[in-house]
Structure formats: C-alpha cells, structure tokens
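Me: I would like to learn how to read a protein model feature by feature. Please keep it brisk.

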Amino acid sequence: MKFSLIQRVAALSVATVLLLPVALSADQGDVFDNPEMMFHFLAAEVAVGQGDLESAFEHYMKVVPHALDVDVASRATRIGLHIKSPQTIEAAQIWTELAPDELEAWQALLILRIKSGDIEGADTAVESLMQAAEKQGKDGFMQIAIVVSDQKELPAAREIIESLAERHADDAGAQYALGVALFGMKDDAGAETALKMALALSKSDPRIWLLLSRVYEMQEKEALGEETLREGLEELPDNQLLRLALAERLVSHENYEGAYEQFRILHDALPANDEISQALGGLTIELGKWEEAREIWNALLDKPGRRDRAHYFLAQVEQNTGNPEAAYKLYEKVDGLLMTDARIQMSRLLVEQGKVEEALKLLTVQRLLSPEDAIRLYLEEATVLSEEGRDIEVMELLDKALEEFPLHNDLLYARALQGEKMGDIGILERDLRQVLEQEPDHAQALNALGYTLADETTRYEEAFELISKAYALMPDSAAILDSMGWVHYRRGNLDEAIEFLEKAASADDDGEIAAHLGEVYWARGWRDKAMKVWMDALQRDPENPYVVSTMERLQAK
C-alpha cells in the first residue's frame with residue numbers, strides 16, 4: 001500500500017515528537033523512501049513553522065524536482081514568490097505540469113515570467129491560463145488582467161496585456177481586460193481608448209459602461225461619466241447595477257432630485273431591498289417629500305438594523321410637518337450611533353419651547369453618556385448659551401472643554417468667535433493663530449482672522465494676505481468673497497471691492513454681505529444702488545442688524 005503525503009507527514013510528526021523510529025511501508029521507488037529527501041521535506045516543514053521561509057524554500061527545492069507532488073510544488077512556489085527567489089520559476093513550472101488546469105499555478109508562472117521580463121514565456125503562460133480558465137467556466141481575460149494589474153510597475157506587464165488584446169482584437173472581453181489593466185496602471189487615457197473599443201464590439205456588458213464612466217470621473221469629466229451611465233441604461237434598461245451607479249453618482253454630485261428619480265425606479269423594481277429603500281428614504285428627507293418619507297421609514301421600522309434610523313427620520317418628518325411633540329417622542333426612541341444626533345435635535349425642540357435649562361441638562365447628560373461625542377455636544381451647548389446671550393457662560397464652557405481637549409481646533413475656533421462677539425479681539429487672534437499653527441490651510445480661520453483685522457484694526461495688508469490664502473483654498477465661498485471685497489474696500493480699492501462683493505451677493509443673500517455692498521456703493525457715490533441693496537435685504541429681514549447699523553452710521557435715508 002502507498003501512503004499519501006499527508007499520512008506520511010502525520011506519522012512522521014508523531015514519530016518526531018516521541019523520538020521513536022518509524023518504519024513506513026510504501027511502494028518501491030517512492031521518493032520519500034530516500035532518507036535525504038525525507039530529511040529535506042521535514043526540515044522545510046519545521047522551518048515554515050519557525051517562520052524561516054528562506055530555509056524552508058531551500059529545503060523544499062531539494063524535494064520538488066523529485067517528489068512531483070502538487071502540494072509540495074505549490075507551497076514552494078508560494079514561498080518563493082514571497083521571498084522573491086529566482087529559483088521559484090522551477091517550482092512553478094513543475095506545478096503547472098502536475099496541475100495543468102489549476103488557475104493559481106499558471107497565474108504564479110505568469111507573475112514570474114513578468115518579473116523576469118520573459119515576454120515570450122509570458123505569452124505562453126497567458127494562453128495556458130486562458131485555457132485553464134475556460135475549462136473552469138471563468139473569464140480568462142480578467143484572470144490575466146488581475147495578474148498584470150498586480151505587477152503594474154513592471155514594463156513587461158503592460159506589453160503582455162496589450163499583446164493579448166491585439167491577438168484578440170475582435171473580442172470585447174479582451175479590450176475590457178486591457179481597459180481594467182490600464183486603469184489599474186493609472187493610464188486613464190489608454191483605459192478610455194480600450195473601453196471605447198470594447199463598447200464598439202459589444203454594448204451588452206454593463207462592466208464596460210461602469211468602468212468607462214469611472215475613468216471619465218478620474219479624468220474630471222463628470223458630465224461624460226454621467227452621460228456614459230445614461231447611455232448604458234438606454235442599452236440595458238433593466239440593469240440594476242448601472243442604475244445604482246447612476247443614482248450614487250448623482251448623490252455625490254448633489255443632484256438629489258435626479259438621484260431620487262433613479263432610486264425611485266430601483267425601489268419599484270426591488271421593493272424588498274432595504275438598502276435601496278433606505279437610500280430613497282434619505283433622499284425624500286433631503287427633498288422634503290414628507291408623506292413619501294413617512295411611508296418609506298414606517299416600512300423600515302421593523303427591519304433588522306433599521307429601527308434607530310427609521311425612528312430618527314420619522315422624527316424629522318414630524319418635526320418638519322409641525323408636530324414637535326410627536327418628533328420629540330420619536331427622537332427619544334433612537335439609540336445606537338444616532339443617539340447623539342437625536343439628543344441634539346431634542347435639545348433644539350426644547351429650546352424652541354423655551355425650556356432652555358432642560359435642553360442644557362439633556363446635552364450635559366448625553367456628553368457623559370457618549371464621551372466620544374463630547375466635543376460636538378460642548379459646541380451645541382455653547383450655541384444654546386450664545387443664542388440666549390449668556391456670553392460669560394459660553395466662554396467658561398469652552399474653557400472647560402479645552403481643558404479636557406487641549407488645543408482642539410474646533411473648540412479653539414468656537415472660543416475665538418466668542419471672544420470676538422464679546423469684543424475681545426485678543427482672544428480671537430490668540431486662538432485663531434493657534435488653529436493656523438496646527439492647520440495652516442484652515443480656510444475658515446484664515447478668513448475669520450483676516451476679516452477681523454480688516455474690520456477692527458488698520459492692519460490691512462496682513463488681513464489681505466490672510467484672506468487671499470483663504471480665497472485660494474475656497475474661491476467659491478460667499479463668506480470669503482465678502483471678506484475679499486471688504487479688505488479691498490478698507491485698502492481703498494473700490495473697483496475690486498465691488499467686484500468681489502457683487503459675486504458674494506450673487507452667491508448668498510446674507511444681510512451682512514448686503515450691508516457691505518451697499519456701503520461700498522455709497523462710498524462710490526452710487527446712493528440709489530446702495531439704497532436698493534439695503535431695502536431688498538430689509539424686505540427679506542426687516543430687523544437685520546448689519547443693514548440697520550450700516551444705514552444708521554451712514555445716515556442713509
């Protein structure tokens with residue numbers, strides 16, 4: 001009787017432990033009857049156990065050419081690849097000979113051919129890998145693309161996948177695999193070309209549409225990426241992956257109405273898919289579709305893992321449809337990850353009812369229960385106190401928070417703004433300088449410090465430098481555009497001031513921006529334009545303090 005390799009290892013392991021001689025019967029000619037081979041095999045096993053892979057590989061390679069055992073050859077190959085031994089190719093070749101239909105064997109050999117730059121040998125391994133994949137019902141092109149992508153830093157990798165695509169020029173799968181490999185190599189233009197060729201051969205593979213869209217996104221061609229997904233859906237209207245990709249793309253681009261339409265279609269097609277229902281429910285909240293939101297989140301109430309989220313968003317529905325008491329009760333039921341968010345919303349409802357002390361107590365208790373959210377809760381509590389005009393308490397609270405979380409940027413920024421509110425520019429500058437020391441590109445801090453210096457001091461050049469840095473970081477921010485306009489005004493550059501303030505006013509109808517723009521118009525002598533800006537702002541907010549104080553200071557009537 002011939003013992004299997006596993007039986008031999010088991011028997012010898014026991015014998016080794018007991019230090020007793022073991023006689024193994026086997027057919028004549030078995031390689032493991034050779035004491036030298038058995039020694040190398042056992043030495044390799046022991047070395048593996050000890051983590052000495054170099055020694056293990058050396059001993060395995062003494063056995064591999066003689067044992068002709070798949071397990072030994074595969075193990076030697078894997079270890080050789082790990083330690084990057086040039087001898088590994090011998091083990092891999094034996095592995096492919098012993099297991100010609102085993103994908104991993106051919107993948108290993110292909111990797112080694114790529115590493116050695118042997119293009120001819122690699123092409124042979126590619127064709128064998130293709131045949132093995134076909135026998136197993138797998139996509140051979142993609143198997144090769146995976147190997148090539150993993151070796152993307154080596155010049156031979158690209159040459160091999162391009163050669164494969166050229167040999168199979170009429171196969172969409174080959175062109176798609178080339179696209180995948182080139183995308184992995186960060187050659188977006190090459191990937192785009194390959195994927196377009198794939199689509200010219202076949203429009204029925206959703207993977208091609210999906211990857212081409214992604215390639216466009218990486219090239220910052222967002223419109224083309226979205227258009228590609230829509231074209232794919234025209235060809236494959238029932239493909240849910242394409243529709244989901246389009247829906248998610250629209251969400252990422254903040255096209256919530258468009259995303260809602262796509263998730264609505266998905267939901268109608270897959271009503272039992274809770275992930276899609278949840279996504280649709282979130283969009284109904286975002287878009288204020290309250291009755292539809294109520295229906296969707298009620299349906300999710302009893303679904304595993306959805307209850308807290310359902311309670312939270314049902315509370316949002318009630319809060320936004322004039323039912324604060326119902327909202328409060330629903331928020332009370334929220335636990336888990338959304339508990340802090342729910343408690344913050346509850347505190348805001350209490351403040352609206354004039355129950356400020358109760359709101360503050362709720363926030364304090366939640367801070368003790370959820371220390372991981374302490375900073376957010378400190379900031380919320382500070383907001384409540386500030387809105388109540390309890391400025392000294394705000395400062396005391398933020399001082400306490402910074403004792404607990406020293407030099408935390410959000411807390412420093414909040415204390416800086418509170419200092420400015422209390423007329424202490426020294427606190428603002430000290431804390432914002434600390435923020436900028438820790439985070440030099442903190443645009444909001446740059447802007448806040450720069451604006452304050454422009455508005456409250458004569459340090460206009462320093463203010464301009466700070467605001468210019470903020471503008472470079474966030475050129476579309478209405479607040480920063482306003483600051484740029486204001487600092488130009490302070491420096492006497494009325495034309496530049498008007499340009500920036502008009503952009504700010506177009507982006508945001510904030511009263512402070514209107515007050516600034518009107519003042520610059522007034523300084524220019526454009527009194528009618530100034531009055532119109534101010535009157536429009538007062539029509540939106542009759543008691544806006546910025547506009548009112550500006551008009552009083554300038555005695556504008």
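Me: In which helix do Glu291 and Arg294 lie, and how many residues apart are they?

Reply: First, the ground rules. This is a predicted model, where local features need pLDDT of at least 70, side-chain atom pairs count only at pLDDT 80 or more, and totals for chains, interfaces and linings use all residues. Residues are numbered from 1 along each chain as its sequence is written, and side-chain values use heavy atoms, with hydrogens and water left out. Helices are DSSP runs (H or I, at least four residues; strands are E, at least two), numbered from the N terminus. Glu291 and Arg294 both lie in helix 17 (residues 290-300). They are 3 residues apart, about one turn of the helix.

Me: What do the side chains of Glu291 and Arg294 form, and how far apart are the closest N and O atoms?

Reply: Side chains of opposite charge can pair when their charged atoms come close. The cut-off for a salt bridge is a side-chain nitrogen of Lys or Arg within 4 Å of a carboxyl oxygen of Asp or Glu. Glu291 and Arg294 form a salt bridge, with the closest N and O atoms 2.7 Å apart.

Me: Is Arg294 buried or exposed?

Reply: Relative accessible area decides: buried is under 20%, exposed is over 50%, and partly exposed is in between (1.4 Å probe, protein chains only). Arg294 is buried, at 19%.

Me: Which residue pairs with Arg433 in a salt bridge?

Reply: Glu429 does, at 3.2 Å from N to O. Glu429 and Arg433 sit 4 residues apart in helix 25 (residues 425-438), so about one helical turn separates them. Glu429 counts as buried because its relative accessibility is 18%. Arg433 is partly exposed, at 33%.

Me: Which helices hold Glu45 and Arg75?

Reply: Take the bridge first. Glu45 and Arg75 form a salt bridge, their closest N and O atoms being 3.1 Å apart. This pair links distant parts of the chain: Glu45 is in helix 2 (residues 35-49) and Arg75 in helix 4 (residues 70-83), 30 residues apart. Glu45 is partly exposed, at 25%. Arg75 is also partly exposed, at 34%.

Me: How many salt bridges does a search of the whole structure find?

Reply: The search finds 44 salt bridges. Bridges can also join into networks. Asp399, Arg415, Arg430 and Asp431 are linked in one.

Me: Which residues gather in a patch of negative charge on the surface?

Reply: Patch residues have over 30% relative accessible area and no salt bridge; like charges are joined within 9 Å, and nonpolar side chains (Val, Leu, Ile, Met, Phe, Trp, Tyr) within 5 Å. Asp and Glu count as negative, Lys and Arg as positive; His and the chain ends are not counted. Here the patch gathers Glu227, Glu231, Glu234 and Glu235. Take Glu234: its place is in helix 13 (residues 222-235). Glu234 is exposed, with a relative accessible area of 66%.

Me: How many aromatic pairs does the structure hold?

Reply: Rings of Phe, Tyr and Trp (its six-membered ring) pair if their centres lie within 6.5 Å; planes under 30 degrees apart are stacked, over 60 edge-to-face, and the rest tilted. The structure holds 8 aromatic pairs. One of them is Trp486 with Tyr489, a tilted pair at 5.0 Å centre to centre and 40 degrees between the planes. The two residues are 3 apart in helix 28 (residues 478-490), so they are separated by about one helical turn. Both Trp486 and Tyr489 are buried.

Me: Why is the pair of Trp522 and Trp534 tilted?

Reply: Because their planes stand at 35 degrees, with ring centres 5.6 Å apart. This pair links distant parts of the chain, with Trp522 in helix 30 (residues 511-524) and Trp534 in helix 31 (residues 527-540), 12 residues apart. Trp522 counts as buried, at 14% relative accessibility. Trp534 is buried too, at 0%.

Me: Which residues form an aromatic cluster?

Reply: Trp297, Tyr312, Phe313 and Tyr331 form one.

Me: Where does Lys186 lie, by helix and loop?

Reply: Lys186 lies in the loop between helix 10 (172-184) and helix 11 (188-201). Check its backbone as well. Phi of Lys186 is near 65 degrees, a positive value in a residue other than glycine. Lys186 is exposed, at 70%. Now try Glu254, in the loop between helix 14 (240-252) and helix 15 (256-269). Glu254 has a positive phi of about 60 degrees, although it is not a glycine. At 60% relative accessibility, Glu254 counts as exposed.

Technical notes: Areas by Shrake-Rupley, 256 points an atom, 1.4 Å probe, with all protein chains shown as cover. Charge placed at Lys NZ, Arg CZ, Asp CG, Glu CD.
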